[in-house]
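Hi everyone, thanks for making time. I'd like to walk you through one structure today, so please have a look at it while I talk.

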Amino acid sequence: MVFLDLNLRWNYLPDLYLGEVETWDHAEEALKNELNRFAGEGKWKINAGDGAFYGPKIDIHVHDSINRKHQCATIQLDFQLPQRFELEYTDTNNQLQTPVMIHRAIYGSLERFFAILSEHLKGKWPFWLSPKQCCILTINDKFGDYANDVCKTLKSEGFAAHVDNSGNTIKKKIVTAQKSQYNFILVVGQKEVDKGEVNVRSRDSQMLGTMKVEAIVDMFKDLEKSFK
């Protein structure tokens, strides 16, 4: 999965805070343990005094392809509001307990996150996330029906497939599809129609040869399952 580099920061007790220091100590220790479990000891940074006024937090910064830093996700523990609202629940031992509130933003702003990701990937989306997973190109327009049948099969499996049955030369169609950043380019001509196959290449011009449509569906499903 080609994504952004993560940088985890632990933010603890600010100058102005709610609640007791003992409660903060307990919350901070819980977050430290989770950071060690997730990232490994020493693989996260301390940001002293930058916690929220109601509890410590983990900020997740991402670094893009030119090493710019963006804060996206944050996870914050809040022991204060449940106490102030006198919230309680009954545990498995039938005892009343005060819950802990977790504030979290997974992406920050979703639109901003996708803008960062789009720029980072430079339009080359991984297959599982791509809006242009494959384009079926015809050698000439008499193979349009077969290309449409292939496209319909792929779409029925949930893939983003398109057809280019224009009057352009096949070379021009391939160049256009590559510039459009389709993950895979499927070419169909008389040989492919006769054998019920398509000729497959990646957007980086890796030639995969001829394949049955069923085999392409299996390959695409594997790519999605493995987040590639």
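Let's begin in helix 1, which covers residues 21-39: Lys32 and Glu29 both sit there, three residues apart, or about one turn of the helix. When I say helix or strand, I mean DSSP runs numbered from the N terminus, with H or I and at least four residues for helices, and E and at least two for strands. These two residues form a salt bridge, with 4.0 Å between the closest N and O atoms. A salt bridge here is a side-chain nitrogen of Lys or Arg within 4 Å of a carboxyl oxygen of Asp or Glu. Lys32 is partly exposed at a relative accessible area of 27%, and Glu29 is partly exposed too, at 39%. For those words, buried is under 20% relative accessible area, exposed is over 50%, and partly exposed is in between, with a 1.4 Å probe and protein chains only.

Before I go further, a word on the source. This is a predicted model, where local features need pLDDT of at least 70 and side-chain atom pairs count only at pLDDT 80 or more, while totals for chains, interfaces and linings use all residues. Residues are numbered from 1 along each chain as its sequence is written, and side-chain values use heavy atoms, leaving out hydrogens and water.

Back to the charges. How many salt bridges does a search of the whole structure find? Six. One of them joins the side chains of Arg68 and Glu119, at 2.8 Å from N to O. Arg68 is in the loop between strand 3 and strand 4 and Glu119 is in helix 3, so this pair ties together parts 51 residues apart in sequence. Arg68 is partly exposed at 34%, and so is Glu119, at 47%.

Another pairs Lys124 with Asp204, whose side chains meet at 3.5 Å, N to O. Lys124 belongs to the loop between helix 3 and strand 8, and Asp204 to the loop between strand 11 and strand 12, so here the parts tied together are 80 residues apart in sequence. Lys124 counts as partly exposed, at 38% relative accessibility, whereas Asp204 counts as exposed, at 54%.

Most residues other than glycine have a negative phi. Asn67, however, has a positive phi of about 65 degrees although it is not a glycine. Asn67 is in the loop between strand 3 (57-63) and strand 4 (69-78), and counts as exposed, at 58% relative accessibility. Ser205 also has a positive phi, near 70 degrees. Ser205 is in the loop between strand 11 and strand 12 (207-212) and is partly exposed, at 41%.

Now to the inside. In soluble globular proteins, nonpolar side chains tend to be buried together. The largest nonpolar core in this model has 22 residues, and those with the most contacts inside it include Ile136, Leu154, Phe184 and Val198. By a nonpolar core I mean buried Ala, Val, Leu, Ile, Met, Phe, Trp, Tyr and Cys residues joined through side-chain atoms within 4.5 Å. Which elements give two or more residues to this core? They are strand 8 (134-138), helix 4 (144-156), strand 10 (184-188), strand 11 (197-202) and helix 7 (213-225). Leaving aside neighbours within four places in sequence, Val198 is in contact (heavy atoms within 4.5 Å) with residues including Tyr146, Leu186, Met211 and Ile216. There is also a second, separate core of nine residues, with Leu35, Ile60, Leu77 and Phe79 among them.

Finally, the whole chain. The protein chain has seven helices and twelve strands. Its radius of gyration is 26 Å, well over the 17 Å that the globule rule gives for 228 residues, so the chain is more spread out than a compact globule. That radius is taken over C-alpha atoms, and the rule is 2.2 Å times the number of residues to the power 0.38. Along its principal axes, the C-alpha trace spans about 75 × 45 × 30 Å. Of the 228 residues, 39% count as buried. And among contacts between residues at least 6 apart in sequence, 62% join residues at least 24 apart.
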